[in-house]
Amino acid sequence: MHVNADRADRESRRLAWCVALLLRHAPDAVAPALWARLDAPARRFLCRDERLPASAVTLLLRGGGEEDRRTVARNPHVLGRPLPGLPGPARYAARPAPAPALLATLGSELGRPVQPPLGDADTVALLRRHGSRRPRIPLDVLRLGRPPGSALLLREHAREPLPPGSVEALLLAGGLDAATALALLDTRTATAYGPDWHRPAVRAVRAGILTFEELAAAVAPAHRTLLLGRVHTAGRLGWNLAEQAGMRAALTRVLRPHLGDDPRLWAELGRHAPAFPGTLPELAAAAAAGTAADAAPGPRPPEGIPGLAEAVADLAPGPPPADGGVHRELALASLAVPNAMGDLREDVRWVRACLDRGLLTGADVIRHKAPAAWALDEDLWLGEVDGPDRHDRPGAFLAARAEAERLLDAALGTDPGAWWDTARALPDFAGTLPELLAAVVSGDYREGVSHRS
């Protein structure tokens, strides 16, 4: 009896592991349909899996059941979400009262002593004055009164965008729905922005309010959306590597249908992004239609927006890999042999050495490593690394995630049934990811059979 229970437990854990790997690359429209097909034990393992991506956490918090939310709350790997013991509305509501010196400063700015609760007009005025950088003082301002209503916030933000620190404080203090949060990330009417402009977008994902796809569709102007793919910084609030890969996947999912692999259209995107006032989907459609220049009738901003050219280059299709000769062919052949070195640690050392010598790229690992589940789990070819960034080969990591996104999107699209078939076949499939996807698309697979020739 115990043997059967242990076997069922092991199979549920493996299936949850594979679903978590696929959720890194699944569109938002597919993710809920994918985990809805899991039975209760596998779903509990999924909510506790360390590979659960940020967008899946947001969707589970938003649309999952009470048990899903409780299980995610106990997941020690879900960092920064509004869960017990982690930053969120409850934590910020328990902050100490504002210091007397701050109250005196705020009173001098209002022209009268501060008497809580502040009115909405006073709250908005103080949020505008103190939100240019970090959210600490805006959080204190919000403690002195209730956050303004959504209608007032959106009206004030449309008149003149609230500064990033105040938007971040509003996200941290709670009470904002996804629609209001998205509207506060539209800053197309702002004349300038400082170094912390990206913090509200990062915080919205970390707070479990928005997904990467929602950011990619709503942040404006479009060049800031593109720059979100490069917000990876040490010592400041920014994406960790997994979140950066998720943001880039969402950006690519917006751009690929319009631009494809046409270098001329990608060049048009980069040329018109600095002056385009709308969102990234609007820019991509205008670039494909040749009307992007007509959408920016005002004065053209400086061309040299730091990092923008690199942000477009990160997303554009790259050139084919250079021929590495016989050494590259041997490296590729070794990837196709599971545990080729006879020891997982030695396998990791070999792959890392090939990456460092330029014989392999992260995309090569995704295409050629077997089994497919090992290729999708970077811990099994880059090695396990503690910490939120997890891996010390960011170029290989991001290239592998981008290639997996491209292959899965081309083969499975937004068909939940195809994603589910892939998840069921993945635990025991002995071949590579392209072989698995070919078998799933053709229907020529059985669970536990690799179908390698």
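Predicted model: local features only at pLDDT ≥ 70, side-chain atom pairs only at ≥ 80, totals over all residues.
Residues are numbered from 1 along each chain as its sequence is written. Local features need pLDDT of at least 70 and side-chain atom pairs count only at pLDDT 80 or more, while totals for chains, interfaces and linings use all residues, and side-chain values use heavy atoms, without hydrogens and water.

User: How are α20 and α21 oriented to each other, roughly parallel or roughly antiparallel?
Analyst: Helices here are DSSP runs (H or I, at least four residues), numbered from the N terminus. The axes of α20 (residues 325-335) and α21 (residues 344-357) come within 11 Å and cross at roughly 150 degrees. Angles run from 0 to 180 degrees between N-to-C directions, on axes fitted to C-alpha atoms over the stretch in contact. Under 35 degrees counts as roughly parallel, over 145 as roughly antiparallel, 65 to 115 as roughly perpendicular and the rest as oblique, so the pair is roughly antiparallel.

User: Which helices do the buried residues of α20 pack against?
Analyst: Buried means under 20% relative accessible area, exposed over 50%, partly exposed in between (1.4 Å probe, protein chains only). In α20, R328, A331, L332, S334 and L335 are buried. They span an arc (taken from the directions from the helix axis to the C-beta atoms) of only 160 degrees, so they sit on the same side of α20. That buried set packs against α21 and α22 (362-368).

User: Is H223 buried or exposed?
Analyst: H223 belongs to helix α15 (residues 222-227). Beyond neighbours within four places in sequence, H223 has contacts (heavy atoms within 4.5 Å) with Y193, A273, P274, I305 and L308. Its relative accessible area is 7%, so H223 is buried.

Methods. Helix = DSSP H or I, 4+ residues; strand = E, 2+ residues; numbered from the N terminus.
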